[in-house]
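Here is a short walk through one protein model, written for reading alongside the sequence and the 3D view.

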Amino acid sequence: ASRPYPDTARNITKALTYKPELVMLSFPSNSIAANYSDDEIMNNYKVLTHQLDSAKVKYIIFGTQPRDFADANQRMRLKTLNDKIVAKYSYHVNDILEQLSTPTYTIKSAYEAGDGIHLNNAGHAVILNATLNHPIFMNVTQ
């Protein structure tokens, strides 16, 4: 209720029609910004990963990313949600939160693009390197 309907031209069902070997799921902070609960977010991951597992498609889930939320509780949710994702999907997670974050889960200045939301090229390089070295990615590309 009160959530957008799936975009059938760009959802997981559509993605699976392309017969991918690997799907990467990344929802770094927008769900928290839109006030989705952790349960809603984890349920969305559950639906997506069930479809991927059923189709025997490998996947990597990117953990949350820091964001300069004015509300400290929202920043702490980044950590809490990230921990839940890692606990549930351990091997599948590309966990880069700590590397990109200050102790209060804002974006480290070295990775800040300037708007408090997005990463700069150095931040994207952190994600790229973590992805290139992720065991699932390496398995698919070898």
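## A threonine in a loop

Where does Thr106 lie? Thr106 is found in the loop that runs between H5 and H6. Please keep in mind that this is a predicted model.

Thr106 has a relative accessibility of 18%, and it counts as buried because the cut-off for buried is under 20%. Its side chain makes a polar contact with the side chain of Thr102, at 2.7 Å. Setting aside neighbours within four places in sequence, Thr106 is in contact with Pro66, Arg67, Asp68, Arg75, Leu100 and Ser101.

## The sheet and the helix packed on it

Next, take a look at the sheet. Three strands form an open sheet in the order S1-S2-S3, and their pairing is parallel. S1 (22-26) and S3 (93-94) are the edge strands; each has a single partner strand, so one side of each has no neighbour in the sheet. In general, the strands of a sheet pair through backbone hydrogen bonds, either parallel or antiparallel.

S1 and S2 (residues 58-62) run parallel and are joined by five bridges. Within this pair, Leu25 stands opposite Ile61 in S2. Helix H3 (residues 38-54) packs on the sheet and touches S1 and S2, with its direction at about 160 degrees to that of S2.

How far apart are the end C-alpha atoms of helix H6? They are 16 Å apart, which agrees with the 16 Å that the twelve residues of H6 (residues 121-132) should span at 1.5 Å a residue. At the start of H6, a side-chain oxygen of Asn120 comes to within 3.0 Å of the backbone nitrogen of Ala122.

The buried residues of H6 are Gly123, Val126, Ile127 and Thr131. These residues lie on the same side of H6, because the arc they cover around the axis is only 130 degrees. As a general rule, an α-helix has 3.6 residues a turn, so residues three or four places apart point the same way. The buried residues of H6 pack against S1, S2, S3, helix H5 (97-100) and helix H7 (135-141).

## An arginine in helix H4

Finally, turn to Arg77, which lies in helix H4 (residues 72-89). Is Arg77 buried, exposed or partly exposed? With a relative accessibility of 21%, Arg77 counts as partly exposed.

Apart from neighbours within four places in sequence, Arg77 is in contact with Ile32, Tyr36, Ser37, Asp38, Ile41 and Asn82. Arg77 and Ile107 are 30 residues apart along the chain, and their C-alpha atoms are separated by 14 Å.

Technical notes: Residues are numbered from 1 along each chain as its sequence is written. This is a predicted model: local features need pLDDT of at least 70, side-chain atom pairs count only at pLDDT 80 or more; totals for chains, interfaces and linings use all residues. Side-chain values use heavy atoms; hydrogens and water are left out. Two strands pair if DSSP finds at least two bridges between them. Helices (H or I, at least four residues) and strands (E, at least two) are DSSP runs, numbered from the N terminus. Contact means heavy atoms within 4.5 Å. Axes are lines fitted to C-alpha atoms, for helices over the stretch in contact, and angles run from 0 to 180 degrees between N-to-C directions. The expected span of a helix is 1.5 Å times one less than its number of residues. Buried means under 20% relative accessible area, exposed over 50%, partly exposed in between (1.4 Å probe, protein chains only). The arc is that of the directions from the helix axis to the C-beta atoms. A polar contact is a pair of N or O atoms within 3.5 Å; within protein, one must be able to donate a hydrogen and the other to accept it, and residues adjacent in sequence count only if both atoms are side-chain atoms.
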